[in-house]
Every structure is written in C-alpha cells, then in structure tokens.
Amino acid sequence: MQLSAADLRYQIIRPTLSYLGLNSPVTEELLLTTAAMESGFDPLCTRHGGIGIFQINPQQHRQIWDQHLAFEPDCASRVRGLASQHRFLQDPDQELRSNLSYATAIAWLMYRRCGVEVVDDASPDLLCELWQACFHPGNGSQQLFERFRGCLQRYRVAA
C-alpha cells in the first residue's frame with residue numbers, strides 16, 4: 001500500500017504540523033521527502049528494523065518519549081492526543097505503522113531532537129544534511145545525499 005505524495009502532504013503532514021502549531025511549507029517538504037526516502041510512501045514498510053512510513057525504529061521511538069517528550073508535557077499531551085486510545089498503551093510502536101498523523105509527529109520530533117526548530121528558508125543542501133544527521137547519523141555518503149536532494153526536487157510543490 002502506497003500513498004501519493006500529494007495525499008500524504010495535504011491530508012496527513014500539513015494537518016499534523018498545523019495541529020502541532022507549525023505552518024511551514026519547507027518543513028512539509030522535509031517530512032514528505034523523508035517519507036519518500038525511508039519507505040517510498042509505504043506505511044507498511046519494514047526495513048532495517050524501522051517501522052512505517054518514516055522507518056522509525058522502536059529505540060528511536062522510545063528515545064523521543066523518554067529524552068524529549070518527558071520534558072515537554074504540553075507537546076507530549078498533543079502528540080499523545082494523536083495516538084489511538086487503547087492500542088497505544090498495548091503496542092506504542094504499532095502507532096508508527098497504522099497512524100500516519102502520529103508517525104508524522106514523531107518524525108518531526110526526531111528532527112527537533114537534533115536541534116531543528118523550523119526549517120523555513122532552508123536550502124535543499126541543508127535539508128539533506130538535516131535528514132542525514134537525524135535519520136542516518138554517521139552515514140555522510142555523498143550518494144545518499146544526492147538521492148535525497150533529487151527526491152526533494154521531485155516532490156517539491158507549490159504551497
């Protein structure tokens with residue numbers, strides 16, 4: 001099952017960011033391209049231990065909650081509000097696969113955990129560097145960088 005780039009952007013990413021208090025076309029592009037690179041827009045994808053459309057692994061998921069959201073109760077409450085009432089308590093990692101709004105919020109928080117607040121006016125090269133640093137730390141390969149840059153250009157649309 002794959003989503004279209006437009007559906008993911010306009011039906012999931014933009015409303016989720018808006019719910020979190022962010023209105024940023026560049027942040028939308030960053031998350032859209034992240035989903036394209038990580039899973040090819042397939043929410044059921046599992047690759048190298050990652051889960052869902054952003055391929056966030058269980059350890060990264062726990063780190064977001066334990067090392068980031070634990071210290072931001074208002075943000076934690078908003079993100080928890082995106083999760084399913086019962087399923088989240090039974091299997092929080094399943095939310096990354098089955099709940100695209102929740103997965104989008106966690107993906108954005110992975111960028112925030114790396115020190116990214118807002119990426120308005122960011123160059124494509126900076127977006128590539130952010131993706132590599134936050135989703136593939138230690139893998140500074142030029143080939144990966146160029147793939148992300150090409151993907152970013154392919155999915156860039158007018159806000």
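Mentor: The general idea is that side chains of opposite charge can pair when their charged atoms come close. Here, the side chains of aspartate 125 and arginine 149 form a salt bridge at 2.7 Å, N to O, the term meaning a side-chain nitrogen of Lys or Arg within 4 Å of a carboxyl oxygen of Asp or Glu. Aspartate 125 belongs to helix α8 (residues 124–135) and arginine 149 to helix α9 (residues 142–155), so the bridge ties together parts 24 residues apart in sequence. Helices are DSSP runs of H or I with at least four residues, and strands are runs of E with at least two, numbered from the N terminus.

Trainee: What should I keep in mind about the model itself?

Mentor: This is a predicted model, in which local features need pLDDT of at least 70 and side-chain atom pairs count only at pLDDT 80 or more, while totals for chains, interfaces and linings use all residues. Residues are numbered from 1 along each chain as its sequence is written, and side-chain values use heavy atoms, with hydrogens and water left out.

Trainee: How many salt bridges does the structure hold?

Mentor: The structure holds 5 salt bridges, and one of them joins glutamate 28 to arginine 9 at 2.7 Å, N to O. Glutamate 28 lies in helix α2 (residues 25–39) and arginine 9 in helix α1, so this pair connects parts 19 residues apart in sequence. Both glutamate 28 and arginine 9 are buried, and a network of salt bridges links Arg9, Arg14 and Glu28.

Trainee: At what angle do helix α1 and helix α7 pack?

Mentor: Two packed helices are described by the angle between their axes and the distance between the axes. Helix α1 (residues 5–19) and helix α7 (residues 100–113) pack at about 60°, their axes 9 Å apart, where axes are lines fitted to C-alpha atoms, for helices over the stretch in contact, and angles run from 0 to 180 degrees between N-to-C directions. The two helices are therefore oblique to each other, since angles under 35 degrees count as roughly parallel, over 145 as roughly antiparallel, 65 to 115 as roughly perpendicular and the rest as oblique.

Terms used:
Buried means under 20% relative accessible area, exposed over 50%, partly exposed in between (1.4 Å probe, protein chains only).
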